[in-house]
Number of protein chains: 2
Amino acid sequence: MKLAGSLVLPTAAALAAKPLLPRQNNIPDYNSAPPNLTTLANASLFDTWRPRAHVLPAYGQIGDPAMHYTDPDTHLFHVNYLHEGASGATTSDLVTYADLNPNSEPFIRAGGINDHVAVFDGSVIEAGINGTPTLLYTSVNYLPIQWTIKYTKGSETQSLAIAIDGGRNFTKLEHGPVIPGPPFAYNVTGFRDPFVFQNPTFDQELDSSNGTWYTIISGGIHGEGPSLFLYRQYEQDPQFETWEYLGQWWSEEADTTWTEAGWAGRWGFNFEVGNVFFLDSEGYNAAGETFVTLGAEWSYSPIVPQVSDNREMLWAAGTNKFVDGKLQFVPSMAGRLDAGRSAYAAAGKHLPSSSQASQSSDAPDRFITYLWLTGDFYGTSDFPTPQQNWTGSLLLPRELSVGYINIANTPLAWQKGSWRVDSQHTNGTLTLATLRQRIAKEPLAAFQQNATNTITQSGGTLSSSQPFDQSPSTKHYLLTASLTFPSRTNHALKAGLSILSGPNERTDIYYQFSNESLVIDRSNSSAAAATTPGILSDDEVGKLRLFDIPGGNGTSIETLNLTIVVDGGVVEVHANERFAVSTWVRSWYEDSTDVGFFVEGGEVEFGEVRVWEGLVDAWPGRSEGL
Amino acid sequence: MKLAGSLVLPTAAALAAKPLLPRQNNIPDYNSAPPNLTTLANASLFDTWRPRAHVLPAYGQIGDPAMHYTDPDTHLFHVNYLHEGASGATTSDLVTYADLNPNSEPFIRAGGINDHVAVFDGSVIEAGINGTPTLLYTSVNYLPIQWTIKYTKGSETQSLAIAIDGGRNFTKLEHGPVIPGPPFAYNVTGFRDPFVFQNPTFDQELDSSNGTWYTIISGGIHGEGPSLFLYRQYEQDPQFETWEYLGQWWSEEADTTWTEAGWAGRWGFNFEVGNVFFLDSEGYNAAGETFVTLGAEWSYSPIVPQVSDNREMLWAAGTNKFVDGKLQFVPSMAGRLDAGRSAYAAAGKHLPSSSQASQSSDAPDRFITYLWLTGDFYGTSDFPTPQQNWTGSLLLPRELSVGYINIANTPLAWQKGSWRVDSQHTNGTLTLATLRQRIAKEPLAAFQQNATNTITQSGGTLSSSQPFDQSPSTKHYLLTASLTFPSRTNHALKAGLSILSGPNERTDIYYQFSNESLVIDRSNSSAAAATTPGILSDDEVGKLRLFDIPGGNGTSIETLNLTIVVDGGVVEVHANERFAVSTWVRSWYEDSTDVGFFVEGGEVEFGEVRVWEGLVDAWPGRSEGL
């Protein structure tokens with residue numbers, strides 16, 4: 001699968017389209033076959049696949065999520081993203097959001113001395129210069145930039161801006177970049193997306209003063225491989241003007257992988273959007289285990305200049321060790337944060353228990369991350385963008401923590417994968433550790449509490465596909481289901497659910513043991529795929545191992561617990577609090593709302609399925625008509 | 001002597017005035033007392049003090065000379081200077097010049113991505129990228145910059161531009177600065193004016209490949225002192241994109257001096273316009289002794305932010321030694337390149353024997369330097385600039401070499417000064433070494449050969465001032481004179497010449513043993529000083545030691561040999577090929593052209609004085625009326 005014409009930009013950020021038109025009234029007819037959608041009036045598809053419970057700007061293009069922070073004064077969480085620069089919103093509950101500026105106007109734009117052509121991702125020091133939220137971001141002066149081509153010296157630098165007016169504006173500081181380029185003589189593949197953090201263990205290991213700020217910068221080195229570069233605030237300079245390079249905190253050899261078995265994608269050639277954070281089983285804990293999320297860029301061979309075929313949204317956990325006098329990250333497990341090929345560029349932040357959202361929900365310190373779901377496949381897909389008048393969305397916020405699974409001691413546990421054997425017990429069982437990720441509890445609860453219609457579908461043992469007794473009447477709902485498989489040896493079995501289905505279209509979500517994968521089959525998802533370029537219909541596939549669980553009588557196969565959110569064109573499939581695959585499903589017909597059991601090639605036991613229809617309008621403050 | 005309001009700019013470069021008006025016909029009356037000149041029509045003073053044999057743009061302001069080079073194709077010497085960016089001219093003989101562009105339009109302007117606000121000094125690699133002259137220059141993105149204030153991070157970076165169209169344009173390369181800032185965590189006072197050079201001894205000492213390019217960058221460190229930072233072309237990168245920092249090649253403690261006796265000014269707080277080159281007794285020799293010219297900035301106490309009272313144009317010679325693993329310059333002698341307080345920012349270049357000028361004059365490899373003579377005292381003087389329509393000039397080109405003087409072994413030789421005892425001879429005499437500097441031989445010869453009037457005035461022993469039998473009728477001439485003093489103990493004696501004198505005005509140039517100084521007394525130089533701000537009338541004073549010369553009967557005092565060029569308002573006084581003091585003398589009256597012997601307080605013997613009147617129009621290609 002080789003896509004031609006991939007953009008040279010690491011994200012679609014710099015291409016952010018100008019707002020086009022408000023929502024149009026000449027709505028297409030969803031009860032008959034779609035025309036070539038590019039022939040429709042501008043903005044006529046505005047509502048067709050628009051999510052209502054997700055973060056996205058009022059119109060126009062969304063790029064990477066980035067720059068989130070909790071305002072130290074208001075305790076509101078700022079959820080930000082690239083959009084004509086960078087824009088964002090505040091939330092007091094992770095459910096509803098208020099745009100910082102009308103029409104999602106950005107709080108920072110490209111065009112300054114340091115960032116002539118683009119503002120890329122950054123991160124925020126909450127109590128920064130003079131106690132003000134201070135943004136460290138990638139200021140871009142030259143394009144193109146991509147790991148497949150010669151790096152343009154000085155194209156990416158790291159600069160500062162400080163919040164004014166409650167974060168509605170970030171004012172660029174009147175000086176040059178604080179990190180004016182990669183370390184001396186590094187022939188980098190990229191050098192962007194600074195992610196700041198504090199950590200007492202780092203302070204101790206690196207002999208830093210308590211409370212020192214660090215940043216990693218994502219990139220790589222030509223001929224070597226992808227890397228995260230570690231910097232430290234120099235001598236606790238309160239102006240954050242000087243950052244000390246501490247070495248390549250993490251490097252991988254180019255074009256390698258954690259495991260060729262596919263549990264953790266590929267490291268690729270260049271890292272992007274690296275986040276470093278610390279988790280325990282409850283959530284964020286500075287004394288916890290070191291985790292990383294990052295985007296990896298790679299290509300099939302031969303590498304074509306300016307084409308990055310693939311991007312992976314990965315995570316890793318590990319330990320910090322001194323090697324050759326440098327602090328280095330040594331992963332002990334790694335995986336995909338989302339298996340969707342359009343899901344990328346996760347940006348997370350420590351959300352303190354003192355935040356408004358956490359106070360309301362009585363949540364502990366958490367690390368909350370938002371992924372980007374590119375709407376036009378990183379700018380390479382010739383999507384009918386003018387007709388939709390917006391492109392892309394963020395996915396729902398996810399809470400990350402360390403997950404533990406008690407399983408039977410079988411060879412499945414000991415293969416290298418997106419888990420680690422954490423402990424062996426005297427009773428012969430094992431505890432695995434992995435990254436636990438789930439949709440933040442507030443939106444999950446809100447979707448249930450605010451459902452306009454609730455469906456409960458009883459399950460049972462099925463050997464063929466079955467329609468639900470009742471299906472949703474809309475394309476906005478939360479669904480939970482569970483599947484228990486009698487055997488892992490039936491490689492013909494595919495079992496799961498059909499969604500967004502009807503006489504003309506269907507989307508199948510199923511698990512199969514043949515390759516231990518969860519699949520979203522989009523081959524029949526959209527009648528528009530036949531008429532219109534850019535309506536992608538390829539499968540989304542992600543590896544998920546269902547382990548053997550100890551029981552009274554030997555072992556059973558871990559139940560597959562699915563949490564599916566359908567929100568317009570956005571479909572998120574979460575499984576067992578450690579797997580997610582998200583994508584666009586662009587069903588056309590109004591009647592493509594059916595849900596059903598999907599079973600082929602064997603037998604599976606379904607638990608009760610529940611559907612909460614309606615979700616929540618995440619943007620109550622946005623004016624109608626937009 | 002404390003001047004208020006000095007500019008924050010290191011030079012007047014960034015202030016380059018836009019061209020105003022062409023020369024006006026409403027010429028003032030130079031036969032009656034001047035009005036306040038600021039009341040005159042714009043451009044009416046265009047000719048009043050304009051030099052004809054010097055380098056300056058067609059109109060407007062000239063800043064530092066910089067970026068000279070010999071074109072490898074044409075072998076023409078490009079003499080360049082800051083002017084609305086940077087502009088310049090070519091010369092085949094060091095006498096006449098041809099503007100690169102009509103009206104001295106610049107070949108590079110500020111306003112690019114790397115140099116939003118200013119282009120500062122740079123230097124040229126003749127066979128640079130793809131064999132093309134390649135400019136490494138200071139690209140300025142933020143102002144103000146001065147050693148008296150906090151340094152703005154990223155304000156000065158070093159960038160590349162390459163010559164096109166024979167140097168009539170320099171195209172900035174489409175990437176960021178190749179030296180994006182000072183070394184890590186250096187709190188610099190300045191970081192500018194890269195001066196590139198090659199040197200086989202450096203290659204050997206630093207274990208570099210043969211032919212490696214080096215650059216020094218001038219500046220200093222707050223709380224430490226002025227410094228020259230040494231960089232090396234990294235791995236002979238033919239694109240010159242990466243430069244390796246090799247340390248502070250030369251540093252001095254802030255606010256110190258080579259000697260408090262005043263032979264070498266003060267090192268000050270910040271270095272500017274440092275040049276590094278290699279001389280022997282003939283001229284430029286890569287295997288010769290290491291010399292430096294540099295500008296030093298300092299202030300009287302207390303230091304007032306944004307006020308740099310003083311600038312010194314200094315030279316030093318010395319050796320390169322490894323100290324703490326770094327190559328460091330250790331001076332063995334130092335002095336002032338010009339004692340004039342307006343003379344600054346010398347920019348030199350190796351002028352190869354293969355250059356057109358040197359081929360014509362059969363000259364060896366030389367190091368030719370041009371100084372700047374600021375026309376408005378670094379922008380602090382409220383000069384009637386609109387009336388003149390130009391500001392400042394370069395001084396005549398000077399040839400630098402190692403000078404040797406054979407003298408008697410007296411204590412005078414052993415004091416620390418702008419010389420060094422090079423050898424002691426068995427006959428009891430000494431050879432001193434110093435910087436030999438003289439006006440380039442081509443203009444000196446041309447002024448003599450092209451004189452429109454020649455005056456020979458016999459000398460003799462005089463004990464009082466005497467008019468010449470014949471004086472020049474213009475204010476454009478070359479004059480040579482010699483004075484032999486009977487004794488160095490008569491501290492009342494002042495002896496020299498009066499120039500630009502008449503019934504209303506006079507300028508006295510004299511030597512005195514009381515402080516071993518050569519003085520230009522401007523207190524009565526200009527009737528306009530009384531009516532008009534910015535016509536400076538303070539003395540110019542420089543120290544010059546006349547040594548004891550061995551003879552048959554004991555010793556005699558070294559003869560003072562003066563070479564004086566009067567060219568409109570520019571007066572250059574050169575002595576004994578090792579001293580220069582240059583300044584503006586803005587005589588007003590048409591009849592202020594008299595020359596005479598000046599003697600007070602004693603007796604002195606004058607040799608024959610010769611005057612060559614007329615000089616040479618350095619700009620034959622410029623259209624009349626400008």
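How many bridges join strand 30 of chain A to strand 31 of chain A? There are five, and the two strands run antiparallel. Strand 30 covers residues 507-512. Strand 31 covers residues 517-521. This is a predicted model.

The two strands form a hairpin, with four residues between them. E516(A) sits in the turn and has a positive phi of about 50°. Q512(A) stands opposite S517(A) of strand 31.

Strand 31 of chain A also pairs with strand 32, residues 540-543. Four bridges join them, again in an antiparallel run. Here S517(A) stands opposite K543(A).

## Burial of strand 31

Strand 31 of chain A is mostly covered. Five of its five residues are buried. S517(A), V519(A) and D521(A) point one way. L518(A) and I520(A) point the other way.

## The annotated domain

A UniProt annotation, from an unreviewed entry, covers residues 453-613 of chain A.

## The whole chain

Chain A has five helices and 40 strands. Its radius of gyration is 23 Å, close to the 25 Å that the globule rule gives for 626 residues, so chain A is as compact as a globular protein of that length. The C-alpha trace spans about 70 × 65 × 55 Å along its principal axes.

Of the 626 residues of chain A, 63% count as buried. The accessible surface comes to about 20600 Å². Carbon and sulfur atoms hold 47% of that surface.

Conventions:
Residues numbered from 1 in each chain as written. Chains lettered and ligands numbered in written order. Predicted model: local features only at pLDDT ≥ 70, side-chain atom pairs only at ≥ 80, totals over all residues. Heavy atoms only, no water. UniProt positions renumbered as here; feature names shortened; annotations may be inferred. Buried < 20%, exposed > 50% of the residue type's maximum accessible area, 1.4 Å probe, protein only. Pairing = 2+ DSSP bridges. Rg over C-alpha atoms; globule rule 2.2 N^0.38 Å. Areas by Shrake-Rupley, 256 points an atom, 1.4 Å probe, with all protein chains shown as cover.
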